[in-house]
Amino acid sequence: MSDKWNIKHAAGQRSYALREKLFVALCLFAVLLPVLMLFTLFGRLLLDGLPRLGWDFITSYPSRKAASAGILPAAVGTLYLILLTALIALPLGVGAAVYLEEYGKRSKLATIIEINISNLAGVPSIIYGLLGLGLFVRALGMGRSLLAGASTLALLVLPVVVVSTREALRTVPMATRETCLALGATRWQTIKQVVLPQALPGVMTGSILAVSRALGETAPLVVVGALSYVPFLPDSVFAQFGALPIQIFNWVSRPQAAFLVNAAAGIVVLLMMMLVLNLAAIIVRDRMQRKLARAH
Amino acid sequence: MTDPNSSMSPPPKYSIRGLKAWFGSHEVLHGVDIDIPAKGVTAIIGPSGCGKSTFIRCLNRMHELVASARADGRVDLDGEDVYASDVDPVLLRRRVGMVFQKPNPFPTMSIRDNVLAGKHLTHTNKKETADKTVEAALRQAALWDEVKDRLDLSGSGLSGGQQQRLCIARTLAVEPDVLLMDEPCSALDPIATARIEDLIHELKERYTIVIVTHSMQQAARVSDQTAFFLQGDLIEAGPTNTIFTKPKDTRTEDYITGKFG
Amino acid sequence: MTRVHTDREYDNQLRQVRDKLLLMAGHVEAMIASAVKALVERDVSLARRTIDNDHKVNQFEVDTDELCLVILAKRQPMASDLRFITLALKMVTDLERIGDLAVNICERAMDLASAPPIRNDDDIVHIADLVQSMVRDSIDSFVHADDEKAQKVIDRDSEVDDRYHEVFRDLLQLMAQEPTTIERGIHLQSVAKWLERMADHATNIAEQVIFMVKGKDIRHVGHLSAPPPRG
């Protein structure tokens, strides 16, 4: 019998399995390492900020005394910012994505827009800040307001929203659109009633993740004029505002060691906000996907 | 035997003259002349790439939805040219329904909503008659008995053959008078195929059906008239019985007897 | 048929059918010849051997039928292939009937061999020659899809009919004049009648060949609708 047909291990020839196991171990290590580092970092932060973390920290206004300085206006400012940013960026971003993906396929305009959007995602955020300052704060007369800040952040996250929405739209198969058109629907009816609902999980996930990125942006907010000392809560979109990253930065640059503890606590709060937002994205996506796969 | 062109026979549903179609600058249909009789089944056969799918998509103006695709010529539906400038293709597609190769019920919708999808999409649904519409369409598609107790469950839980019948019901709910079918059984097993063919046999009493198929046996079983396409030309069209026993053109003969390639 | 089926096994199977029919026809032709020879030369053992050989024709019929059925089931033949197969099935029947008629002639030959001859049977031999040629040519025309040859076979049928009527009148006259010849006369008339029936079967085959080649049904021309009322 020729050796070609032999199916038994040769003596001591088990190295294929060994090599594979080694490779898997390597990959596992590559995954665990950053996760471990993140945990260590967070753990240290938690330890550092723990003495100051508490209900009064979250509900107090900033003050000269570290022990009584809190992050309430900063946190509220950040929350308002996120909301406004979402309100501005999502309709614009989804609309742009729908145009590019569903209507603009043939036109030169669409190609130009497409090229530019990918570029926009890579622009440093400080540039957005400067743009915001010139356009929103000064030219459009919004002043150093929540609206200006949110508009600037909206510009920042817009490319991400557009790209992730387009990806989500692409997951809806062409056959679905064809079927709708064959039933005598217009393009808009098709998009609104069938394509967008089907793409919704992806759109939601992408949008929430994009907006959560805006959470941590500091530079553009500094340029646009977020305050680092905010003794009040913003009462309208035209009010001045503060934000968590600004407040944290402000505390870190103080000479008193006690403020560092505040900063650490502030970072913990900021990270928790991000965590909650990301978790929300995952839950929303999960729920929607389960609804799609209902009754199998 | 009466001459099919005599004034005694009813006028054709579609009267097509000089139909040409392009993808960009590439001409894929080179001037097709054919009559599609009303209320009956016309089968379109031919090897891959012969233009049969393109042809059928010109009948409901789906062809032009692809970027850089266009068509030219006269396609008269009950005497009116569907390519005339005052024709709304959207309204045309409500009259001329289409069923595709891969069964694709909408995954986010229940069976009931799937059937009503066409009406919802076009805002022509009436709440009071919705239930009746659903039952009528599902009965016509020979699916009612199998799903009547689970109308609110998702359409994706059905078998392939059932899904295709659901798609047919969805198309029928819009009340078209022509049904275009682009290889509707290609993705189905023989039993599901037989049920759809049986269904076609019932449907042809009420609708004009044009079916593209790559199975000659299916064309022979199901249709009254058959048209053979080759590389963008209509080679021969005639009664199915004649085409499959005594075709006139050698190319038709060669294709049918398997002497191609 | 110059073009070949893409699936060459299909061509093979069709060729097998063709070959079997040729063999069967050849066999049947030989049976006609030996039947008439046994009659004329009063060769009882030849007659018996010919009768025994009929089983081969029956075997051919069964084999060819089976082969055609398999092709119908597996290949779903269309157009010219379909006409070929369905006609092959019918031709097999015609050939098998011709074989049975040859057996009948052999049996009569054995009966007649025990008594002295009553006449010169050259005219019957002539009819037999004609019939043999018709059988040969009809199968030939089928194999080569030659509709002109088939037409000539059909034309020869009237000649056979005429010759048969001559033999019939001749025998009638003989039997009327000499009553002792009646029994033998009737046997001979049967033989002539059977030869004429063989010619009809060969004509059937030829008509079917024309249908296969031209797609035009020329059978029963003039006899498809009800006859006009008499009187």
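Chains A and C do not touch, and their nearest C-alpha atoms are 33 Å apart. This is a predicted model, in which local features need pLDDT of at least 70, side-chain atom pairs count only at pLDDT 80 or more, and totals for chains, interfaces and linings use all residues. Residues are numbered from 1 along each chain as its sequence is written, chains are lettered from A and ligands numbered from 1 in the order in which they are written, and side-chain values use heavy atoms, with hydrogens and water left out.

**Helix pair in chain A**

- Helix H7 (residues 174-182) and helix H8 (residues 187-215) of chain A pack with their axes 10 Å apart, at an angle of about 145° (axes are lines fitted to C-alpha atoms, for helices over the stretch in contact, and angles run from 0 to 180 degrees between N-to-C directions).
- Helices (H or I, at least four residues) and strands (E, at least two) are DSSP runs, numbered from the N terminus.
- From H7(A), A:Thr176, A:Arg177, A:Cys180 and A:Leu181 meet A:Arg187, A:Thr190, A:Val194, A:Val195 and A:Gln198 of H8(A).

**Sheet in chain B**

- Six strands of chain B form an open sheet with mixed pairing, in the order E6-E7-E8-E3-E9-E10 (two strands pair if DSSP finds at least two bridges between them).
- Strands E6 (96-99) and E10 (233-239) of chain B are at the edges with a single partner strand each, so one side of each has no neighbour in the sheet.
- Direction ignored, neighbouring strands of this sheet are turned by 15° against each other on average.
- E6(B) pairs with strand E7 (residues 178-182) of chain B in the parallel sense over four bridges.
- B:Met181 in E7(B) is the bridge partner of B:Val99.

**Helices on the sheet**

- Helix H10 (residues 250-257) of chain B lies across E3, E9 and E10 of chain B and runs at about 100° to E9(B).

**Helix H6 of chain C**

- Helix H6 (residues 182-214) of chain C has 33 residues and reaches 48 Å from its first C-alpha to its last, close to the 48 Å expected at 1.5 Å a residue (the expected span is 1.5 Å times one less than the number of residues).
- Of the 33 residues of H6(C), 24 are buried (under 20% relative accessible area, with exposed over 50% and partly exposed in between; 1.4 Å probe, protein chains only).

How values were computed
Contact means heavy atoms within 4.5 Å.
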